[in-house]
Amino acid sequence: MQDSNQHHDAHKVDPGKPRNGYEWLSTIAIFFLLLLTLIIGTGEMIHGQLLCVGEQIYGDPDTGIQYSFLRADP
């Protein structure tokens, strides 16, 4: 009985490891898509924070001039 269990254990495939090139390729593609999503989301958040900083530095609430208007063509 133990011999048959050892025989089955020898042919078990680790479900966490890709088995062929197609699985590696799809794994790498999904990894890069997730990484790109993370980078884009972080970039958007940083852009928003920089706009707030620009508004605080260059905006003037007394005259009503906003930082975004300073970027417009005259």
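The protein has three helices and zero strands. Along the sequence, the pattern reads α-α-α. The model is predicted. Buried residues account for 3% of the 74 residues.

**Helix α2**
- Helix α2 covers residues 21-58.
- With 38 residues at 1.5 Å a residue, α2 should span 56 Å. The C-alpha atoms at its ends are 54 Å apart, which agrees.
- Asn20 caps the N-terminal end of α2. One of its side-chain oxygens lies 3.2 Å from the backbone nitrogen of Tyr22.

**Surface**
- The accessible surface of the protein is about 7,100 Å². Carbon and sulfur atoms hold 64% of that surface.
- A nonpolar surface patch of about 740 Å² is made by Trp24, Ile28, Phe31, Phe32, Leu35, Leu38 and Ile39.
- An α-helix has 3.6 residues a turn, so residues three or four places apart point the same way.

- Leu35 belongs to the patch and sits in helix α2. Its relative accessibility is 34%, so Leu35 counts as partly exposed.
- Phe32 is also part of the patch. Its relative accessibility is 49%, so Phe32 counts as partly exposed. The cut-off for exposed is over 50%.

**Aromatic rings**
- A pair of aromatic rings is described by the distance of the centres and the angle of the planes.
- The count comes to one aromatic pair. Phe31 and Phe32 have ring centres 5.5 Å apart and planes at 65°, so the pair is edge-to-face. Planes over 60 degrees apart count as edge-to-face.
- Both Phe31 and Phe32 contribute to the nonpolar patch.

Definitions and conventions:
Residues numbered from 1 in each chain as written. Predicted model: local features only at pLDDT ≥ 70, side-chain atom pairs only at ≥ 80, totals over all residues. Heavy atoms only, no water. Patch = residues over 30% accessible without salt bridge, like charges linked within 9 Å, V, L, I, M, F, W, Y side chains within 5 Å. Areas by Shrake-Rupley, 256 points an atom, 1.4 Å probe, with all protein chains shown as cover. Salt bridge = Lys/Arg side-chain N within 4 Å of Asp/Glu carboxyl O. Helix = DSSP H or I, 4+ residues; strand = E, 2+ residues; numbered from the N terminus. Buried < 20%, exposed > 50% of the residue type's maximum accessible area, 1.4 Å probe, protein only. Expected span 1.5 Å × (residues − 1). Polar contact = N/O pair within 3.5 Å; in protein donor to acceptor, adjacent residues only side chain to side chain. Phe/Tyr/Trp six-rings, centres within 6.5 Å; stacked < 30°, edge-to-face > 60°.
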